[in-house]
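Here is a report on one protein model.

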Amino acid sequence: MNLFLLIRHILIISTNLSIGTLLIRLAVGSIMIVHGTGKLFSVGPAAMSIHQFTGFLASLGVPAPSIAAWVVALIELVGGLCILVGFLTRFAAFVVGIDMLAATLLVHLPEGFSDSELTIVLCLVSLALISFGAGKLSIDEFVVDDRPNSMLSVGE
């Protein structure tokens, strides 16, 4: 009987981790998709044309602001999509985490902590996804390298 309870407990924990990781991916992925889409297509609640975003980056003194604007917008859209569906999750989370760290330090933190809370959380949750991987409810589970030390491994 004790062995049965132990196995049941392990299965419940494994299922909860998979669902928890899925929920984290849905949150981060959807936010990043909205912001990337807003920059690339000037639609949605985060709408800002790529031209406006380029000007904004130039005003911050970012080198090559036109290239940086396109890179950031594509990272947010494509990285968000990858995180959302759980494809190349660790790599996408790494790139999105760097993007959010830069956004925090260059844009939001100088305006005060309350303005930077979202980007700080997105950066830290991206780091967590690098650690956890995509989980079992993901494309990574079926198609990506399963070696434990691989940046592309699924993890638990």
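## Burial and surface

Of the 156 residues in the protein chain, 35% are buried. Buried means under 20% relative accessible area, exposed means over 50%, and partly exposed lies in between (1.4 Å probe, protein chains only). The protein chain exposes about 8900 Å². Carbon and sulfur atoms supply 75% of that area. Accessible areas come from the Shrake-Rupley method with a 1.4 Å probe; for residues, only the protein chains shown count as cover.

This is a predicted model: local features need pLDDT of at least 70, side-chain atom pairs count only at pLDDT 80 or more, and totals for chains, interfaces and linings use all residues. Residues are numbered from 1 along each chain as its sequence is written, and side-chain values use heavy atoms, with hydrogens and water left out.

## Fold

The protein chain has six helices and zero strands. From the N terminus on, its elements run α-α-α-α-α-α. Helices (H or I, at least four residues) and strands (E, at least two) are DSSP runs, numbered from the N terminus.

Consider contacts in the protein chain with a separation of 6 or more: 58% of them join residues 24 or more positions apart. Contact means heavy atoms within 4.5 Å.

## Nonpolar cores

The largest nonpolar core has twelve residues, among them Val-28, Met-32, Ile-83, Val-96, Met-100 and Leu-122. Such a core is a set of buried Ala, Val, Leu, Ile, Met, Phe, Trp, Tyr and Cys residues joined through side-chain atoms within 4.5 Å. Helices H1 (2-41), H3 (65-85), H4 (89-108) and H5 (113-132) each give two or more residues to this core. H4 supplies the largest share, five residues.

A second, separate core holds eleven residues, including Ile-50, Phe-53, Val-62 and Ala-69.

Leu-129 also belongs to the largest core. Leaving aside neighbours within four places in sequence, Leu-129 is in contact with Thr-21, Ile-24, Arg-25, Ile-83, Arg-90 and Ala-93.

## Cysteines

Cys-82 and Cys-123 are both members of the largest core. Cys-82 counts as buried because its relative accessibility is 17%. Cys-123 counts as buried at 12%. The structure holds zero disulfides, a disulfide being a pair of cysteine sulfur atoms within 2.5 Å.

## A buried glutamate

Leaving aside neighbours within four places in sequence, Glu-76 is in contact with Met-32, Ile-33, His-35, Gly-36, Lys-39, Asp-99 and Met-100.
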